[in-house]
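These are my notebook entries on one model, written down in the order in which I looked things up.

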Amino acid sequence: MERPCRAPSGIDLSVPSVSRIYDYYLGGSHNFEVDREAGRRAIEAFPDMPKIMQANRAFMRRAVRHAVERGVTRFLDVGSGIPTFGGVHETAQAADPEARVVYVDHDPVAVAHSRTVLKGNDRAGVVAADLRSPEAILRSPEVTRLLTPGRPVALLLVAVLHFVPDEDDPWAAVARLRDALPPGSLLILTHAATEGGPMKPEEGEKVASVYRTIGSPLCTRSRRDVARFFEGFTLVEPGLVPMPTWRPEPREDPDAEPEARGAGEAGAAAEPDRAADPVFTAGFAGVAGVGRKP
Ligand SMILES: C[S@@+](CC[C@H](N)C(=O)[O-])C[C@H]1O[C@@H](n2cnc3c(N)ncnc32)[C@H](O)[C@@H]1O
């Protein structure tokens, strides 16, 4: 296989990666043919996949701005992926140039790309770690350097927990991270949900099989099980809801939403129009919420 020059050394290009498939859905360029092929299979099974990922990213940006507006300017983004297209550091530092961000991912490709993207940004760092090892995250030099002790943190777990199976007890790992946060901290979370979605069971099974074959099975969960990740936190209004209905903002300039032109979709409408689209208002489209530590 030809090795693209931007592929970090030591990366197995014959295996698709979740973060690069996601980048492909968003219309990014940090992906290889093996990822695009897997992404195309998922889109073939469910053509609205890219729209769901765009809604996920749009929620993430709104939640980050919400955090900064409330004075929370320290961000710990676990399962951060490849931070292109209005990633957390861009959104947070546009709202407050002093905002600090620690990205964490277990995928070496996501980590390598994140390091490249963040070169020269001394208020952002990257940790290679697995969320199932919260102590490794909390003790990392980047967390110590960038997250000021005693200052509230926005912990992001966006579109990542559905890659951790029940038997690995993601609730325990999240509880450990939550417990380490000072009062006033926020938990920003999205999760693929099982209830009442637009995806037919056979479509869902085909999408799930794509992720199974790449070794990252999808664990969609009930809203009740997703709500357990917020234990001890107070959900801010409007609670745990379909992604586009969490505090939609007035129509934005489509140029400010670059991934709206992602794979399978050219020039998609911005958020308020999406909120009226049934694909976004239920089920597999996923649920989103922000909780606050009292
Ligand atoms: C769908 S992407 C989401 C990226 C980003 N959070 C967003 O929503 O824009 C999921 C990311 O979670 C990462 N991931 C999956 N399981 C993980 C784990 N156990 N620990 C850390 N990262 C994980 C994947 O490598 C991937 O980059």
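Entry 1, the chain. I began with burial and found that 48% of the 294 residues of the protein chain count as buried, where buried is taken as 20 or more other C-beta atoms within 10 Å of a residue's own, exposed as 12 or fewer, and partly exposed as in between, with C-beta atoms placed from the backbone. I note that this is a predicted model, in which local features need pLDDT of at least 70 and side-chain atom pairs count only at pLDDT 80 or more, while totals for chains, interfaces and linings use all residues. Residues are numbered from 1 along each chain as its sequence is written. I then read off eleven helices and eight strands for the protein chain, these being DSSP runs numbered from the N terminus (helices H or I, at least four residues; strands E, at least two).

I listed 21 residues around the ligand, of which S19, G79, G81, H106 and D107 come nearest; a residue is near if its C-beta atom, placed from the backbone, lies within 6 Å of the molecule. Both α1 (18-25) and α3 (49-69) supply at least two residues of this shell.

I placed S19 in helix α1 and asked why it counts as buried. S19 counts as buried because it has 27 C-beta neighbours inside 10 Å. Leaving aside neighbours within four places in sequence, I found S19 in contact with G81, I82, D105, D107, V109 and A110, contact meaning C-beta atoms, placed from the backbone, within 7 Å. The C-alpha atoms of S19 and I82 are separated by 6.4 Å, although the two residues are 63 apart along the chain.

A159, in the loop between β4 (153-158) and α8 (170-179), has a positive phi near 55°, and D169, in the loop between β4 and α8, has a positive phi of about 50°. A159 is buried, with 24 other C-beta atoms within 10 Å, whereas D169 counts as exposed, with 12 C-beta neighbours inside 10 Å. Lastly, the peptide bond from E237 to P238 is cis, with omega near 5°, and P238 lies in the loop between β6 (234-235) and β7 (241-242).

Technical notes. Contact = placed C-beta atoms within 7 Å.
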